[in-house]
Amino acid sequence: MMKRTLTKVLLAVGLVTGVVSAALAGFPTTPVKKCGADAVAVGAVCLDTYEASVWRVPEPTTTNAFLGRKIRQDDATRADLTVGAATQLGTASDDYAPCTDDGLHCANDIYAVSLPSVIPSAHVTWFQAAEACANAGKRLPTSAEWQVGANRTPDPGPDDGTTDCNSDTGSVSLTGARSSCVSGRGAFDMVGNLAELVADWVPISTACSGWGVFSNDFMCLAGAGTTESGPGALLRGGFFFGGPLVSRLTVFGGFEPSRSADFVGFRCAR
């Protein structure tokens, strides 16, 4: 009993500080050799190739049990979702209810799927994103896992509106549509498009700047607000209106876990 209690305490501390070990958290610790068709290998995990689209699956444990299984096995296609009468959420508004901003009533309801050529789902809170990943048999990646998956994604510079990373158009692109915006491991849109929630929380940040001589990319980790209303859920990679200040090094710690926005999405890992 004492060991389980200590583990829970350490996990809670690790969630807030981002220092919980992979072994303690139950994460895989050996390299994967092969991932599903919708993911790329990043060390010991499979990271979704595309930003998540979130789908409401009717009767996922009974009539549509086949679709729930296909999603959890990384085999679901757009055609499968259509046949199962699934409805995509988060493309134009916060329409996740009855799944609430703090993650209630989300089990067996919303599912994250990694698909090409769809509008990635936004207007999502950290809790809803975590639930959508969990229902799909996955989880949010840690910031470190996300960073490795994003390495060698080109810095945006000027956005040509077609192949470069979507950093300066003011609206979201379809997943994978920007052919040059791909990381060294094959993950798309890890710079620009939607800012991506990761697993880590930090004391909510109140000051933003560049990384100084290391990089002039957008960084908001300074000025921890001890009197603020809660922690900050880390956002990575920047968004569709950040211009040349967004890159694979962009990190923002001023976003409350129960907040949503039209420029915030996520991707899952397994």
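This is a dialogue on how to read features of one predicted model.

Colleague: Which conventions and thresholds apply to the model?

Modeller: The model is predicted, so local features need pLDDT of at least 70 and side-chain atom pairs count only at pLDDT 80 or more, whereas totals for chains, interfaces and linings use all residues. Residues are numbered from 1 along each chain as its sequence is written, and side-chain values use heavy atoms, with hydrogens and water left out.

Colleague: What is pLDDT, and where does it stay under 50?

Modeller: pLDDT is the predictor's confidence in each residue, on a scale from 0 to 100. The protein averages 86, and 83% of the residues score at least 70. Over residues 1-24 pLDDT stays under 50. For that stretch the model has 22 contacts beyond four places in sequence, a contact being heavy atoms within 4.5 Å.

Colleague: How many helices and strands are there?

Modeller: Helices (H or I, at least four residues) and strands (E, at least two) are DSSP runs, numbered from the N terminus. The protein has five helices and eleven strands. Among contacts between residues at least 6 apart in sequence, 69% join residues at least 24 apart.

Colleague: What percentage of the residues count as buried?

Modeller: Buried means under 20% relative accessible area, exposed over 50%, and partly exposed in between (1.4 Å probe, protein chains only). Of the 270 residues, 49% count as buried. The accessible surface of the protein comes to about 11900 Å², of which 60% belongs to carbon and sulfur atoms. Such areas come from the Shrake-Rupley method with a 1.4 Å probe; for residues, only the protein chains shown count as cover.

Colleague: Which residues have the most contacts inside the largest nonpolar core?

Modeller: A nonpolar core is a set of buried Ala, Val, Leu, Ile, Met, Phe, Trp, Tyr and Cys residues joined through side-chain atoms within 4.5 Å. The largest one here has 36 residues, and Leu-197 and Phe-266 have the most contacts inside it. Two or more residues come from each of strands E3 (52-56), E5 (110-114), E6 (195-203), E9 (231-236) and E11 (264-266), and from helix H4 (126-135). Not counting residues up to four places away in sequence, Leu-197 touches, among others, Trp-126, Ala-129, Leu-140, Leu-235, Phe-255 and Phe-266. A second, separate core has 13 residues, including Trp-146, Ala-150, Val-198 and Ala-269.

Colleague: Which residues of helix H2 are buried?

Modeller: In H2 (residues 65-72) the buried residues are Ala-65, Leu-67, Gly-68 and Ile-71. They lie on the same side of H2, because they cover an arc of only 160° around the axis. The arc is that of the directions from the helix axis to the C-beta atoms. These buried residues pack against helix H3 (78-83) and E5. Just after H2, Asp-74 takes a positive phi of about 65°.

Colleague: How many salt bridges does the rule give?

Modeller: Side chains of opposite charge can pair when their charged atoms come close. A salt bridge is a side-chain nitrogen of Lys or Arg within 4 Å of a carboxyl oxygen of Asp or Glu. The count comes to nine. In one of them, Lys-138 pairs with Asp-48, the closest N and O atoms being 2.8 Å apart. This pair links distant parts of the chain, with Lys-138 in the loop between H4 and helix H5 (143-150) and Asp-48 in strand E2 (residues 45-48), 90 residues apart. Both residues are buried. Asp-38, Asp-48, Asp-74, Lys-138 and Arg-270 are linked in a network of salt bridges.

Colleague: What partner does Arg-267 meet in a salt bridge?

Modeller: Arg-267 meets Glu-196, at 2.7 Å from N to O. Arg-267 is in the segment after E11 and Glu-196 in strand E6, 71 residues apart. Arg-267 counts as buried at 0% relative accessibility, as does Glu-196 at 1%.

Colleague: Is His-123 buried or exposed?

Modeller: His-123 has 15% relative accessibility, so His-123 counts as buried. His-123 lies in the loop between E5 and H4. Leaving aside neighbours within four places in sequence, the contacts of His-123 include Gly-90, Tyr-96, Gln-128, Asp-262 and Val-264.

Colleague: Where is Ala-222 found?

Modeller: Ala-222 is in strand E8 (residues 218-224). At 32% relative accessibility, Ala-222 counts as partly exposed. Beyond its neighbours within four places in sequence, Ala-222 is in contact with Ser-205, Thr-206 and Ala-207.
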